[in-house]
Amino acid sequence: MATLLLLPGDGIGPEVCAEVRRVAAALVPSLVVEEAIYGGASYDAHGTPLTDEVRDRALASDAVLMGAVGGPNWADAPRHLRPEAGLLNLRKAMNVYANLRPAYCFEALAGASSLKTELVSGLDIMFVRELVGGVYFGEPRGIDVLPDGQKKGYDTALYTTSEIERAGRVAFELARGRKNKVHSAEKSNVMESGLLWKQVITELHAREYPDVELEHILADNCAMQLVRAPKQFDVIVTDNLFGDILSDAAAMLTGSLGMLPSAAIGDPNKPGLYEPIHGSAPDIAGKGLANPLAAILSFEMALRWSLKEVEAADRLLAAVKGALDAGARTRDLGGELSTVQMGDAVLCRI
Ligand code: NAD
Ligand code: IPM
Ligand code: MN
């Protein structure tokens, strides 16, 4: 029997994960859903955002779904013990190097986007964000005191050939099953790691994927193009930092940050890590206002990618579409529904 490990985390994390639990029970009753403490909640209980025990349980499960971590309570914790460090350590331990972040506009929500309806109607972008390298993990990093008493804060943006290649491969493979087009976004005009990124993607393309259309784009221009004419994109492959920023921007094209799921994958025989791309939303936490669809759609990705329950995934996607078509809207989408009511709207269509 397959096991899904739920890591609700902090803020709205437990609220949106509760809806995933209900959906999972209705849709795939045979799935064993376990839960573990993680993030700020784990820091409070155990002095660390990710215990070895929870890490090992994650590695031993078939898929892991997390809510969100972080919040003002832990803003002053030491960097390596902050909830966000727990998330980065989990991604690294699971070696989920490719983060698939689909920015898909449900037809019923085209009018909820901050862009004109015709610009986003039919939008379907897949980001492949490199997730376990780059400036998020590069060494050295730190805050040092200089001889004159000033401080210097620094990070290292670092990529190796193989790290770029494996992310690129995921993007080209995905593109073949979609519109066959990849944009590779970097800052090769400014950064050495960006120059290497461009070279490696160019060579990989020529060697293994000449049938796929490839365009290189500078990350700042990519941000601009995403809000100017987003439908020109199919797959966008980019580094850890640019992927974080560009996918948040793309979220608003689909109506709300509360809509965007993600799948972090690596070795196909190992568990994937599924996470909504939004954070713990401290401003609305505990009020039952969070949109659970990003978490529910992350579960849909877990069904598809890790649990091989494609039929159940299709049913869930149809239920979400049905709920949105019928006008179900949480507050972020301009509606009145609570988190649980949005969960109900999906559940009654499963
Ligand atoms: P955030 O994504 O938590 O919130 C940004 C805005 O979007 C807020 O106004 C929030 O209310 C809204 N929002 C987010 N998710 C929503 C949802 N499901 N439904 C309705 N509205 C939603 O970003 P932030 O405020 O910059 O960060 C808060 C904390 O979350 C920080 O500690 C940050 O590090 C953390 N964070 C965690 C993750 C994660 O766990 N994967 C991701 C991003 C940020
Ligand atoms: C995300 C978040 C995380 C990131 C933080 C919380 C570490 O913003 O998943 O998008 O930057 O990767
Ligand atoms: Mn982010």
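This is a predicted model: local features need pLDDT of at least 70, side-chain atom pairs count only at pLDDT 80 or more; totals for chains, interfaces and linings use all residues.
Local features require pLDDT of at least 70 and side-chain atom pairs pLDDT 80 or more, while totals for chains, interfaces and linings use all residues. Residues are numbered from 1 along each chain as its sequence is written, and chains are lettered from A and ligands numbered from 1 in the order in which they are written.

The unreviewed UniProt entry annotates D220, D244 and D248 as "binding site". UniProt positions follow the numbering used here, feature names are shortened, and annotations may be inferred rather than shown by experiment. The three residues span 29 residues in sequence, yet no two of their C-alpha atoms are more than 14.1 Å apart, so they gather at one spot.

D220 lies in helix 8 (residues 219–228). Helices are DSSP runs of H or I with at least four residues, strands are runs of E with at least two, and both are numbered from the N terminus. D220 is partly exposed, with 13 other C-beta atoms within 10 Å. On this scale, 20 or more other C-beta atoms within 10 Å make a residue buried, 12 or fewer make it exposed, and counts in between make it partly exposed; C-beta atoms are placed from the backbone.

D248 belongs to helix 9 (residues 240–253). It is partly exposed, with 16 C-beta neighbours inside 10 Å. Neighbours within four places in sequence aside, D248 contacts L257 and I277 (contact: C-beta atoms, placed from the backbone, within 7 Å).

G177 sits in the loop between helix 6 (161–176) and strand 8 (181–186). G177 counts as exposed, with 9 C-beta neighbours inside 10 Å. Its C-alpha atom is separated by 38 Å from that of P49, 128 residues apart along the chain.

Key: Two residues are in contact if their C-beta atoms, placed from the backbone, lie within 7 Å.
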